[in-house]
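Me: Could you take me through this model? I would like to begin with the overall fold and then look at individual residues.

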Amino acid sequence: MRSITTTGFRTVPPRARGLVRDLRVRWAARESGQPYDLALIAFEDRISPQYLADHPFGQVPIAKIDGETVFESGAILYALGLNSPVLLSEDPKDRLRTLSWMFAALNTVEPPIVILFTLDILSANAERSTEVRDSTVGSIRYRLAQLADALGSREYLVGRFSIADIIMATTLRFLRHTELVAEQPVVSAYLARCEARPAFLAALAEQEGNYAEADALAA
């Protein structure tokens, strides 16, 4: 049996709960039935020399898989997928399609969404440019319309559920403070379908439970 340990924060502010990217790893591991351990860290631990030796940019998550260190959630999910046809098809063509959608989620869909989240939530009290926000919203609307067209009548990005859907769904969740997803019924139904999966619900409950435990200890 593989040895898998993933990092996560002990607690985060309410505005970030349900969005921290170790959720992707927990979800993928649960979908594929791969047991894992948690190594929860304090927010300030991410810049310790020990942590930076494993993740040069000091972010969560890091995964230790059979003694090997993997950082960046997309890379970790790919590593988990290599051991699970549930996450990543063994068919070479399907694998390439899945990789394309993974990179699309990370490189095309996610950047403007994270910018909007930063403007609206993380920097909500700071002076900001209306022009920048309007441009960002326009870019997101365009990408979501393209995503809806690409999905069509399919339930998932490559037909069946894969790690690409974990990345895409967790990216779309950064828009939960807006109505942008709801404007695209196909995308809204897709996200709801992903969030209804038992493995996602269990991973989210576990992450929220970790935060609740830390809150109780700090009270």
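Reply: The turns below go from the whole chain to the sheet and then to single residues.

Me: Before that, what kind of model is it, and how are the residues numbered?
Reply: This is a predicted model, in which local features need pLDDT of at least 70 and side-chain atom pairs count only at pLDDT 80 or more, while totals for chains, interfaces and linings use all residues. Residues are numbered from 1 along each chain as its sequence is written, and side-chain values use heavy atoms, with hydrogens and water left out.

Me: How many helices and strands are there in the chain?
Reply: The chain has eight helices and four strands. Both are DSSP runs numbered from the N terminus, helices being H or I over at least four residues and strands being E over at least two. In sequence order the pattern is β-α-β-α-β-β-α-α-α-α-α-α.

Me: What is the radius of gyration, against that of a compact globule?
Reply: The chain has 17 Å, which agrees with the value near 17 Å for a compact globule of 219 residues. The radius is taken over C-alpha atoms, and the globule rule is 2.2 Å times the number of residues to the power 0.38. The C-alpha trace spans about 50 × 40 × 30 Å along its principal axes.

Me: And how much of the chain is buried?
Reply: Buried residues account for 44% of the 219. Buried means under 20% relative accessible area, exposed over 50%, and partly exposed in between, with a 1.4 Å probe and protein chains only. Of the contacts with a separation of 6 or more, 73% come from residues 24 or more positions apart; contact here means heavy atoms within 4.5 Å.

Me: Turning to the sheet, what is the strand order?
Reply: The four strands form an open sheet in the order β2-β1-β3-β4, with mixed pairing. Two strands pair if DSSP finds at least two bridges between them.

Me: Which strands stand at the edges?
Reply: These are β2 (37-41) and β4 (68-71); each has a single partner strand, so one side of each is left without a neighbour in the sheet. On average, neighbouring strands are turned by 25° against each other, direction ignored.

Me: Which pairing is parallel, and which is antiparallel?
Reply: β1 (residues 4-9) pairs with β2 in the parallel sense over five bridges, and Thr5 stands opposite Asp37 in β2. β3 and β4 pair in the antiparallel sense over four bridges, with Ile65 opposite Glu68 in β4.

Me: What lies between β3 and β4?
Reply: The two strands form a hairpin with two residues between them, and Asp66 in the turn has a positive phi of about 50°. Asp66 is partly exposed, at 45% relative accessibility.

Me: Where does α3 sit?
Reply: Helix α3 (residues 73-81) lies across β1, β3 (62-65) and β4, running at about 130° to β4. Axes are lines fitted to C-alpha atoms, for helices over the stretch in contact, and angles run from 0 to 180 degrees between N-to-C directions.

Me: What else does His55 touch?
Reply: Not counting residues up to four places away in sequence, His55 touches Pro61, Ile62 and Phe71 as well as Glu72. His55 is buried, with a relative accessible area of 0%. Pro61 is joined to Val60 by a cis peptide bond, with omega about 10°.

Me: Moving to the helices, where is Glu110, and what is its polar partner?
Reply: Glu110 lies in helix α4 (residues 92-122) and is buried at 11% relative accessible area. A polar contact of 2.8 Å joins its side chain to that of Arg24.

Me: Which residues does Ile166 contact?
Reply: Leaving aside neighbours within four places in sequence, Ile166 contacts Arg24, Trp27, Ala28, Leu77, Leu87 and Phe161. Ile166 is found in helix α6 (residues 163-172) and is buried at 0% relative accessibility.

Methods: Polar contact = N/O pair within 3.5 Å; in protein donor to acceptor, adjacent residues only side chain to side chain.
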